[in-house]
Each structure stands twice: as C-alpha cells, then as structure tokens.
Amino acid sequence: MSTQVPHTVIIGAGPAGLTGAYQLAARGAAVTVFEADDVVGGISRTVERDGWRFDIGGHRFFTKVAAVEVLWHEILPAEDFLLRPRMSRIYYQGKLYDYPLRAFNALRNLGPGHAALALGSYARARLRPPRDQSNYEAWLVARFGWRLYRTFFKTYTEKLWGIPVSEMPADWAAQRVKNLSLSSAIVNAVLPRRNQKDITSLIEEFHYPKYGPGMMWETCRDKVEKMGGTVTLNTAVTTIHHEHGRAVAVTVQSKTGERTRVPADQVISSTPLSALVLGMDPPPPAKVIEAANDLRYRDYLTVALVVPAEFGFPDNWIYIHDPGVKVGRIQNYGSWSPYLVKEGRTCLGLEFFVFEGDDMWTKLDDELIALATRELELLGLVRHGAVERGYVVRVPKAYPTYDQYYRHNVEIIREWISVNVPNVYPVGRNGMHRYNNADHSMLTAMRTVENILDGTHHDIWAVNVEEEYHEQKTAAAPSNRPIGTGRDAPILPRRGHPRRIQ
C-alpha cells in the first residue's frame, strides 16, 4: 500500500461508517468498509420483506448540525425527500393523549372522575412531596402526583429500559420532562397566548427519504463505490492487528468462514466499543478487557403486522402505556411514507425492548407474530382477524446502556486506544458507547476524517454534550444561550451484582 495514498479500513456500514467512507472517497483517499450484515445502514437501515419496508426505530431527518444537513442533501436529491408531519401520542386505556402532554387534553381524556382523583393526587403531592427526590419516580410524583405518574410515565419507561423507575436517578428528568409541570401546563392552557410562559416544544415536521432511512445509506454506499471506495457486506472484522504503537491490518471473515488479512493505515470503527477492544491482537491488558466486558446493551425487536389501511393512524408512532401488554411503541409505517406500504394496506410495527437471550428474544417468529397480533387486538387498534401476515426483525446491541459504570469503562478504553493504537478511531453511537443520534454519529465521522486527512485535532468525544435536544425548540430562546446539537446521557442504575472496574 502506497504511503502517498493511505488506506483506511472502516468497520461497520451504518451512518457513521458510511459517512466516513463518503468523506474519504470524495477526497481521493483509499477506503474499504466491512459490514457483517447483508444490508447497510446499521440501526438506520430499512428492512424489506416481500415488498414491505420497515424503519427500525423510526428516524426523523432533522438536525441542528448544518454540515450534516448539507451532506444528507448531497447524498439524496431533493425529490427523494418527503416533508412529513411530526406526530406522536400516548395510548392509555383505549384513549390517545397528546405528546408532549397537554393538561386539558389529558384531564379531558381521563374523564371527570379520574381527572378529579388525578388533581387531588397532584394537590397532595404538592403539599407533601416525597422527602427524597433523588430518584426519577419521586421527582415525577412530586410534580404530577401518583396517579398521573403511573398513567404517563411509569409503564413505558420501565418497558424501554427494563428497570423500575424508582431505581433511576432524578437527572433522567432533565432529558424527558425537563420544563414540564402540571401547574404551568394548566396556566398556559387558560391564559391568553401573549401571557403564556415560553415552554419547550418539539419540531412539527421533518424530512424523510421516501423509501425509508435505508435509502440514504444505500445511495451513500453506491456513491462511495463510484468514487473508488469499497463496501463489502457479509464480512465481519474479527481482529485488529497492531504493532509498534499503531494498527497495521485487520483480519476479516466472510459468511462462508474464509479469513483474509487486510493492511490498514488507519481504522475507523463503528462496531460496538466492546467488540473493538476484544478484537485487538495482541490483546490489551486485563483491566481494559474487563472494562470492555463490563459495557452493557439494550436489544430490540420489531414485529411488523400487515393490516387494512383503515387501521392506520396519523402518528409516526404511539407510545403504549398500558401495563397489560408488553409492546412499548407502535409505528405506522404508512404515516412515515406511503412508499413503505402497499395500496389499501398499511403495516404496523410493534416494538419490544428486550435483552438478547431473554424469553422474548428467543421466541420463535410465529410465536412473536401471534403475541403481537393478540396485543394489537387487545388494545383495540385492530379488529379480530384483521392481521394478514407478520414479520420479525431482531436487532442485537441496538442501544448502549448508560449505567453508573459506563463512563469509567469508556474512559479506560479511550485512554488505552489513544496511547497504544492512536490510528484507531471509534465513531458513532455504538462505536463510542455514547448517547448519539444519527446526526451526531455522522458528525463524529466527519470530524475524524478531517483529523486524518487535514491533521486537525477535533475532540470527537465533545460532539453531543450540549443540553438542548436536537428535536426541541423554544418559543423564544435567550439570545445569549447557545443552541446545542444534542444531549448527554442520563445514568441508569445497574441491577443485580454490579462489577466495578478499578
């Protein structure tokens, strides 16, 4: 490999990996991407089954990072984007509630009796709030009362993360309900608009590729290859070889088991950070390996059910707060784009947040389809017998878990990489075990390419540390307050017998 044209190996063809490949190839650098799966896009892929298309997780194309927006529209032409309305609601006991919560809508849906009880519960909590508000449950109860807390916060949060709300720290509230209080919501609903306080709201519309987010990354792959880069699917990087303080090659393995050693001048990695560490040859010290093994993940599966279009809904997704079902959220793919579904039909994606290997993960596809069908009928969202067919998609390590040990573990790994293999660059959400959205993941790759090609010194670990969430807007933000690009992760406690790396 010529030293004049350094060769970069990229592990993973998700948003971060393909963004890095695109930026390198556009500037004439040699780049090879290896992806273990048979599709590109990572969790931002679009899964296609029998002509139906499923958006895994739901991906709104909206960002406050100008460079990322420019790149999105450089990859896809304007005619391939749809402008879609943003709509999400909460489902509870057969009724749909506005999200973000609006006091009058919530109290009206609860009905006079339950609304009176909820307001009484709220009044008691305000008079006698929990003494210890260091956990998320007590923090919420102090501001909404027990009844509204159980209705609008407890069930979905526990489905999503798999732990009791009472074990979550109060700083979780900073990301989920930071400026919301029942009293201010009621006041804002009653007073004339000119007298209302500024409250945080969410964007009302967003761009969306007409064939789903995977369309972006499939097009990006094609452009990378047209510019001279290589994207190889069904091929996993199993080993990163390093010597004399630098990575020098990777070993890849195809689905057939064939292994090949590929020279590398740099390695950009969007594979889970734990897998990167465990693939090093020679291996890092035991302390670093322990830190990698101590990182945790939350896994995800979707059961997509085909139903007549009459059972669709205008929401992108509905949060399911009923404790009697396991489903956490339901997408209507037809509301994302009519190109994802077929004439006269839509497809509803029931999302389950799981741990790899647990009872839900190991069920047969037919069992999961039957379970999802029962739950959809139980919720009253379809009539009995309306489901025509179903598909199951499993996504391991979909979301890094940000427990009280993850920062310590990541710091141990970061320090070892920076000293021993400084030409290995972790990027993206899983690659950095960081609370990144797709736009932040892309930005880490863009900054990394600038560091490689231009000799800049961007700190990619500083991407996405501002407080303001990228889909939030305020009616009148103070001019002296910077608009952030994202959010940092609140901490989840680890259950069982935690192991702390010293």
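Colleague: Which kind of contact do the side chains of Asp294 and Arg296 make?

Modeller: Side chains of opposite charge can pair when their charged atoms come close. Here Asp294 and Arg296 form a salt bridge, 3.9 Å from N to O; the term needs a side-chain nitrogen of Lys or Arg within 4 Å of a carboxyl oxygen of Asp or Glu. Keep in mind that this is a predicted model, where local features need pLDDT of at least 70 and side-chain atom pairs pLDDT 80 or more, while totals for chains, interfaces and linings use all residues. Residues are numbered from 1 along each chain as its sequence is written, and side-chain values use heavy atoms, without hydrogens or water.

Colleague: How many salt bridges turn up in the whole structure?

Modeller: The search finds 16. One of them joins Asp454 to Arg27, with the closest N and O atoms 2.6 Å apart. That pair links distant parts of the chain, 427 residues apart: Asp454 is in helix α15 (438-454), Arg27 in the loop between α1 (15-26) and β2 (30-34). Helices (H or I, at least four residues) and strands (E, at least two) are DSSP runs, numbered from the N terminus. Both ends are partly exposed, Asp454 at 41% and Arg27 at 47%.

Glu351 and Arg329 meet in another salt bridge, 2.4 Å from N to O. Glu351 sits in β19 (345-354) and Arg329 in β18 (329-332), so the bridge ties together parts 22 residues apart in sequence. Both residues are buried.

Colleague: Which way do strands β12 and β13 run?

Modeller: Two strands pair if DSSP finds at least two bridges between them. β12 (246-254) and β13 (259-263) have five, and run antiparallel; Thr251 has Arg261 as its bridge partner. They form a hairpin with four residues between them, and Gly257 in the turn has a positive phi of about 95°.

Colleague: Which residues lie nearest the centre of the second largest pocket?

Modeller: Rolling a probe the size of a water molecule over the atoms shows where empty space is left. A pocket is an open set of points on a 1 Å grid over the protein atoms alone where a 1.4 Å probe fits, with protein on both sides within 12 Å along at least five of seven lines; lining residues have an atom within 4 Å of a point. Of the 16 lining residues here, Ser418, Val424, Tyr425, Ile460 and Trp461 are nearest the centre. Helix α13 gives the largest share of the lining, five residues.

Note on methods: Buried < 20%, exposed > 50% of the residue type's maximum accessible area, 1.4 Å probe, protein only.
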